[in-house]
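This briefing goes through one structure, topic by topic. Please keep the sequence and the model in view while reading.

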Amino acid sequence: MPMPDEKQPLVSICMGVRYQRDGLFLLERAIRSIQTQVYSNWELLICERDSNQEAKIRLSVFAQEDPRIHILDGTGTSGLPGQLNRCLKAARGDWIARMDDDDVSAPNRLRVQMAYLQNHPWAAFVGCVAQMEREGRSEGIRRFSAAPEIKDFLFVQPFLHPTLLFRRPALEAVGGYCELARCTGCEDYDLLLRLYEEGYRGGNVQEPLFTYTLPPLGSKKRTMALRWNEVKTRYVRFISLGLLPGALPYVIKPILVGMIPERLLERIKAKRQGRESRSG
């Protein structure tokens, strides 16, 4: 295990966990990908709620074996936004990173993203392009704009939430994550648009520093209720940004997309991703 270099800035990594899967492979893989970071001066804050007993025990063991890992009680939180806000409150670092319990950070993720923010003072946060994975199989690379603008949020969010590394003052300026019911399932979209409203901007490293786990086909992870939350969040944020009425078709886009059969939607996404990869 690399020893932290106290001369380097501390990075606080926030993870909300509600782990109810059979087997601990994904959870263990995610945490170990943080433990093997080349950039070693970090703390991993895991806010846990309603996980199965096996996962609770494993998290406790991780914390006992590595003093940089801290388990927070997520009882009573409003889902993921509340868990992440609890992590933010406990965080000691000047830099805040995100991580999910089923994804993988490349060993050089934090080092490369820290260097990016140090070399790009205009950026308040940074993500990266990512390798997509479904049930252990590669689904290609998802690419994002190097320097997204407001217009890039209209069709789809131009950042992948768990890849992000923030300058702490930016998150504090907008009050962290919104815990209103309408933000459930789209708390990241709401947060980033509020950051852009306040004049902050983000970038994406054009290097795959992350592996993102897609849900199995047919799992219905994006329910219609969550799509309605996104519609309401888009409406509220687009008003604040002065994008309406012109951007109204993009407000209802989540509902329209939800009506497309899943396999057809996957083919559309693959074709669109192919165009982005060629243009990149």
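**Helix α7 and what follows it**

Helix α7 covers residues 224-240, and at 1.5 Å a residue its 17 residues should span 24 Å; the end C-alpha atoms are 25 Å apart, which agrees. The expected span is 1.5 Å times one less than the number of residues. Helices (H or I, at least four residues) and strands (E, at least two) are DSSP runs, numbered from the N terminus. This is a predicted model, in which local features need pLDDT of at least 70 and side-chain atom pairs count only at pLDDT 80 or more, while totals for chains, interfaces and linings use all residues. Residues are numbered from 1 along each chain as its sequence is written, and side-chain values use heavy atoms, with hydrogens and water left out.

- The buried residues of α7 are Leu226, Arg227, Asn229, Glu230, Val231, Thr233, Arg234, Arg237 and Phe238. Buried means under 20% relative accessible area, exposed means over 50%, and partly exposed lies in between (1.4 Å probe, protein chains only).
- These buried residues pack against α6 (187-197), α8 (248-251) and α9 (253-258). Contact means heavy atoms within 4.5 Å.
- Proline 245 has its place in the loop between α7 and α8.

**The open sheet**

- Seven strands are listed in the order β3-β2-β1-β4-β9-β6-β10; this open sheet of 7 strands has mixed pairing. Two strands pair if DSSP finds at least two bridges between them.
- What stands at the edges of the sheet? The edge strands are β3 (69-73) and β10 (202-205); each has a single partner strand, so one side of each is left without a neighbour in the sheet.
- On average, neighbouring strands of this sheet are turned by 25° against each other, direction ignored. Axes are lines fitted to C-alpha atoms, for helices over the stretch in contact, and angles run from 0 to 180 degrees between N-to-C directions.
- Within the sheet, β6 (residues 125-128) and β9 (residues 165-167) pair in the antiparallel sense over 2 bridges. Valine 126 has leucine 165 of β9 as its bridge partner.

**Helices across the sheet**

- Helix α1 (residues 25-35) lies across β1 (11-17), β2 (42-48) and β3, and runs at about 160° to β2.
- Helix α2 (residues 53-65) also lies across β1, β2 and β3, and runs at about 140° to β3.

**Leucine 10**

- Leucine 10 is found in the segment before β1. Its relative accessibility is 16%, so leucine 10 counts as buried.
- Leaving out residues up to four places away in sequence, leucine 10 touches Asn41, Trp42, Glu43, Arg92, Gly93, Asp94 and Trp95.
- The C-alpha atoms of leucine 10 and isoleucine 96 are separated by 8.9 Å, although these residues are 86 residues apart along the chain.

- Strands β7 (residues 130-134) and β8 (residues 137-142) run antiparallel and are joined by 4 bridges. Alanine 130 stands opposite arginine 142 in β8.
- The hairpin has 2 residues between the strands, and glutamate 135 takes a positive phi near 50° there. Glutamate 135 counts as exposed, at 53% relative accessibility.
- Aspartate 50, in the loop between β2 and α2, has a phi near 60°, a positive value in a residue other than glycine. Aspartate 50 is partly exposed, with a relative accessible area of 42%.
- Most residues other than glycine have a negative phi, and most peptide bonds are trans.

**Aromatic rings**

- The structure holds 6 aromatic pairs. Rings of Phe, Tyr and Trp (its six-membered ring) pair if their centres lie within 6.5 Å; planes under 30 degrees apart count as stacked, over 60 as edge-to-face and the rest as tilted.
- The ring centres of phenylalanine 153 and phenylalanine 159 are 6.1 Å apart and the planes are at 40°, so the pair is tilted. Both phenylalanine 153 and phenylalanine 159 are buried.
- One aromatic cluster is formed by Phe125, Phe153, Phe159, Phe166, Tyr189 and Tyr196.
- Arginine 58 lies over the face of phenylalanine 62, at 4.0 Å from the ring centre. A charge sits over a ring if NZ of Lys or CZ of Arg is within 6 Å of the ring centre and within 35 degrees of the ring normal.
- The charged end of lysine 253 sits over the ring of phenylalanine 155, 4.7 Å from its centre.
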